[in-house]
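Dear colleague,

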Amino acid sequence: MKKQIKTASTNTLPAVYAPSIMAARGISDETGLEQYIKMVQKFPILSAEQEYDYATAWKNSQDKPAAEKLVSSHLRMVVGVAYDFKNYGIPIADLIASGNLGLMQALQKFDPEKGFRFSTYAMFWIRAEIYETILSNWSMAKIGTSANQKRVFFNLSRAKRALGIMDNNLSADQTRALAEYLDVPETDVSRMSTRMSARDLSLNAPVRDASDSSDVLSNMADSADGIEETIEAMEFRRNARELLAKHMADLSERDREILRARRLSDPALTLEQLSEKYGISRERVRQIEERAYAKLRNAILAETAAAKPRGGTAVE
């Protein structure tokens, strides 16, 4: 996957080693998915009053047993939410790990005096972490960068079922209907639909089947120049540089500096700047530039023309 799945850490809690807190770390190599689910189902569900009491005890006095009971009672909710997103190509164990991290974050930020139940507040953080995990690992290219795009990504399939749309290639009318249903711009629907229907393809994937030794990369056309063309181009540039340096040296110092300043510098100096430097008019600078360029060009062409019969490289 593109991004390593984050696992819920117990560093946000005191050093409690009860089974409930250890379970919040998610599924390890030693704990299978089925065993983990059985474990979290053993923890009792809390009433609204119990949630408030435990959350208050944790917030006011960092009560470790209260935090343990509050976390453990919601681990099964994380599993339920993770299974809601099982069709997005991310292993359930990874989704549970991300959801548990969201649960831990909810514990740290929850204020029981706001009047909401902890389960309602925690659901927001659990989903947020799972959303991030799915979006970060769906494609090598970033996807779902805006709120509207995320809404389309996570609700497009449901909206298509509700409207009876079975096609992957949406028509203009279907795109419009989906945009109205999801309350998002039509462009977000069309772009996200295209992205979701075209998953990443490994360049090392077999062209036909697993037994095929050829992969996608080996069958792609090479648009780069061949080695002969590359060497020829390098030789041409080397000869051109040598000819330029040789015949630039034949110019007078002032002609050479003006030509270099006007034709071989980026940005080029203006006629006004050079006229002030050499104490001459702008027209005189222009004349020196044109004369030096013509002299240089003629010298290079004459030498390359003389070298052609011997197989030399011509400079046009």
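Glu 290 is partly exposed, with a relative accessibility of 37%. In this predicted model, the residue forms a salt bridge with Arg 263, and the closest N and O atoms are 3.5 Å apart. Arg 263 belongs to helix 12 (residues 253-263) and Glu 290 to helix 14 (residues 282-307), so the pair ties together parts that are 27 residues apart in sequence. Arg 263 is likewise partly exposed, at 35% relative accessible area. Both residues also belong to a network of salt bridges that links Arg 262, Arg 263, Glu 289 and Glu 290.

Two further pairs lie within single helices. In helix 11 (residues 227-248), Arg 238 and Glu 242 are four residues apart, which means that about one helical turn separates them. Their salt bridge brings the closest N and O atoms to 2.6 Å. Arg 238 is partly exposed at 33% relative accessibility, and Glu 242 is partly exposed at 44%.

In helix 9 (residues 172-182), Arg 176 and Asp 173 are three residues apart and therefore separated by about one helical turn. Their side chains meet in a salt bridge with an N to O distance of 2.8 Å. Here Asp 173 counts as exposed, because its relative accessibility of 52% is over the 50% cut-off. Arg 176, at 35%, counts as partly exposed.

How many salt bridges are there by the rule applied? The count comes to twelve, and the pairs described above are among them.

With kind regards

Methods. Residues are numbered from 1 along each chain as its sequence is written. This is a predicted model: local features need pLDDT of at least 70, side-chain atom pairs count only at pLDDT 80 or more; totals for chains, interfaces and linings use all residues. Side-chain values use heavy atoms; hydrogens and water are left out. A salt bridge is a side-chain nitrogen of Lys or Arg within 4 Å of a carboxyl oxygen of Asp or Glu. Helices (H or I, at least four residues) and strands (E, at least two) are DSSP runs, numbered from the N terminus. Buried means under 20% relative accessible area, exposed over 50%, partly exposed in between (1.4 Å probe, protein chains only).
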